[in-house]
Amino acid sequence: MNSTQSSEFDALTRILQGRWSCRGYLEDPVPRRTIEQVLALARLSPSWCNTQPWQLLVTEGAGTTRFREALVEHASTATITPDFRFPEGYSGTYRDRRRECGLQLYDSVGVAKGDRHASAAQAARNFEFFGAPHTAIVTTNSELGIYGAVDCGLYVQTFLLAAQSVGLGAIPQAALAAHSKFIRDYFQLPEDRMVLCGISFGYPDTEHPANGFRTRRVPVGDTFDWVNT
């Protein structure tokens with residue numbers, strides 16, 4: 001690895017290791033110029049046959065406030081209507097990792113283990129965008145099926161890293177996709193636009209207790225197998 005490669009590797013390492021899911025934000029809006037910088041980088045994501053299926057709605061100002069209020073009211077009584085089927089369950093190591101993350105979050109905000117009322121209230125914070133001044137709704141075209149969603153997943157990752165690189169906090173939220181039909185109706189999206197997730201973002205409130213923990217990753221050796229025969 002030459003010096004240029006080493007420098008780029010180090011920069012990417014810092015961004016990846018520094019990124020975290022932000023669940024508490026300052027009220028200050030992000031300038032459009034900064035948001036457009038993030039979007040300009042995110043659009044460089046790879047996609048199957050270069051289809052670039054992602055299409056976003058980005059809220060700001062009163063647009064965020066109105067959407068937040070409408071979504072909170074809807075989600076408080078509605079059943080879920082995701083465009084993409086949610087996981088059927090979590091077992092084994094997936095269950096353990098999910099549980100560990102949940103316990104870390106609840107511990108950080110003072111939710112006692114087994115307190116279902118408090119944990120439900122924390123979960124409902126998703127629909128308040130955790131106080132973020134902006135949210136992006138990520139959609140794909142229904143014709144492209146699951147691979148359009150995969151391409152959008154790559155886009156979401158690039159968006160998150162780009163946001164990290166300009167000092168923003170962000171969190172991808174599948175919870176918003178639980179109300180895909182409502183979101184499609186609210187924004188008057190065509191029926192062939194499928195809601196994949198939301199991304200709430202803004203300047204992070206580093207003093208917020210929910211921002212005080214970091215999830216761990218399994219050792220790299222647990223993520224692959226060599227094939228040499």
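## Close-up views of a predicted model

**View 1. Four strands side by side.** The sheet here is open and has 4 strands in the order β1-β2-β4-β3, with antiparallel pairing. This is a predicted model, so local features need pLDDT of at least 70 and side-chain atom pairs count only at pLDDT 80 or more, while totals for chains, interfaces and linings use all residues. Residues are numbered from 1 along each chain as its sequence is written, and side-chain values use heavy atoms, with hydrogens and water left out. Helices (H or I, at least four residues) and strands (E, at least two) are DSSP runs, numbered from the N terminus, and two strands pair if DSSP finds at least two bridges between them.

**View 2. Strand β4 and its two partners.** Strand β4 (residues 193-202) runs antiparallel to β3, and 5 bridges join the two. Look for G169, whose bridge partner in β4 is G202, and for Q173, which stands opposite G198 in β4. Turning to β2, you'll find 8 bridges to β4, again antiparallel; H134 stands opposite F201 in β4. How many residues of β4 are buried (under 20% relative accessible area; exposed is over 50%, partly exposed in between, with a 1.4 Å probe and protein chains only)? It's 10 of the 10, so β4 is largely enclosed by the rest of the structure.

**View 3. A helix across the sheet.** Helix α6 (residues 145-165) lies across β1, β2 (134-141), β3 and β4. Against β4, helix α6 runs at about 10 degrees. Contact means heavy atoms within 4.5 Å.

**View 4. Rings that meet.** Rings of Phe, Tyr and Trp (its six-membered ring) pair if their centres lie within 6.5 Å; planes under 30 degrees apart count as stacked, over 60 as edge-to-face and the rest as tilted. By this rule there are 9 aromatic pairs. One of them joins F67 and Y186: it is tilted, with 5.3 Å centre to centre and 35 degrees between the planes. F67 is in helix α3 (residues 61-75) and Y186 in helix α8 (residues 180-186), so this pair ties together parts that are 119 residues apart in sequence. F67 is buried at 0% relative accessibility, whereas Y186 is partly exposed at 31%. Both belong to one aromatic cluster, along with F129, F182 and F187.

**View 5. A charge over a ring.** Here the charged end of R214 sits over the ring of W20, 4.3 Å from its centre. The rule asks for NZ of Lys or CZ of Arg within 6 Å of the ring centre and within 35 degrees of the ring normal.

**View 6. Two cysteines that stay apart.** The structure holds 0 disulfides (pairs of cysteine sulfur atoms within 2.5 Å). C22 is buried, with 0% relative accessibility, while C101 is partly exposed, with a relative accessible area of 26%.

How values were computed: Axes fitted to C-alpha atoms, helices over the stretch in contact; angles between N-to-C directions.
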